[in-house]
Amino acid sequence: MISKKQILITGGAGFIGSNLALELSKSCEVYCLDNFYKPESRNNIKALENENVSIIDCDLRDNNKVLDIIQQHNFDSIFHFGAQVAMTKSIEDPILDFETNVLGTLNILNSMIENKSKSKLINISSNKVYGDLSWDNLEEQQTRYNSIDFRDGYNEEINLEFSGPYGCSKGSAEQYVLDYNKTFGLDTISLRLSTVFGMNQFFTFDQGWIGWFVNEYVKFSNNEINEINILGDGKQVRDILFIEDLVNLFKKMVNKDFSSLTQNYFNVGGGIKNSISIIELLHFLGDYFQSSRKLKIRNNDWRVGDQKFYVSKLDNINKNFDWLPKVEMKAGIIKYLNWINSAKELN
């Protein structure tokens, strides 16, 4: 009898982790490690337990507990999603941000070394490692910004620029992940994610901007005096990736021999075809809900370090994993809208 692969997912009760766990549980033995710092992650526990996913309540800053978990199992792959991911909170409490993102990552890496682990480590980083990209030459259009020199998006060779506590912590953690591959021979890769959205994403002001503006739009449509507040002018652009496409990429990684990779750091997102600005999202929602009301927008100061344009160029991730997004942006948003409606009905 062939034993199932054991998979560890840190931050496994969160948005991305829970989606991956539910899919991998069909063929693997899955363990989700989470400290439930984000209360909404508890909403996913029942669904995970129903699919026999093991829940481990653990803070990545607890080195001894992390070491015990690595020692007690023979994980084939470790997906490292556990992190402090809010830019605003990183500014409010940069020490917590550092301890969670950098020290927590080091605890995993050093536990792998001490246990002589053969696990593959897939680290989740961020496009924020590139800074605010203010050096780029942008053109301003009616509803969005575009890059003149990088019309198809940015590849991995543009300069790193860790700015803000969050960018510094995620960038530092990634550098340890990449270096431990060179120095200690660990099987590690790092993914610089752009915007991901979809089912199980219980959006907040600090993250999940697609869901946040969907919720704001619904409030606006039901309230004559409500305004939609935007940080900046609303023309800032991101490439957005539907969660099903990202999970399909992760499944390929479980079955991939990392020794064949041409590099171990990749930009991952929806690509230029799936890029959208805040204003364009709100216009799409107006069309979708067939609203005849004039949209009320209040522009506020720009968020510190915000990128006016960020789109992932996908050549390298496609070359190494034979992967490109398949879910068209607007179709994905509609799927997400349907999930939000069903989640509200359940509550």
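These are my notebook entries on a predicted model of one protein.

**Ground rules.** I number residues from 1 along each chain as its sequence is written, and I leave out hydrogens and water, with side-chain values taken on heavy atoms. Local features need pLDDT of at least 70 and side-chain atom pairs pLDDT 80 or more, while totals for chains, interfaces and linings use all residues.

**Overall form.** I looked up the secondary structure and found 11 helices and 15 strands (DSSP runs numbered from the N terminus: H or I of at least four residues, E of at least two). The C-alpha trace spans about 60 × 45 × 40 Å along its principal axes. I then checked the radius of gyration (over C-alpha atoms; the globule rule is 2.2 Å times the number of residues to the power 0.38). The protein has 20 Å, which agrees with the value near 20 Å for a compact globule of 347 residues.

**Burial and contacts.** I looked up burial next (buried is under 20% relative accessible area, with a 1.4 Å probe and protein chains only). Of the 347 residues, 53% are buried. For contacts (heavy atoms within 4.5 Å), I took residues at least 6 apart in sequence; 80% of these contacts join residues at least 24 apart.

**Strand 1.** I turned to residues 6-10.

Strand 1 pairs with strand 2 (residues 29-34) in the parallel sense, over 5 bridges (pairing needs at least two DSSP bridges). Thr 10 stands opposite Leu 33 of strand 2.

Notes. Buried < 20%, exposed > 50% of the residue type's maximum accessible area, 1.4 Å probe, protein only.
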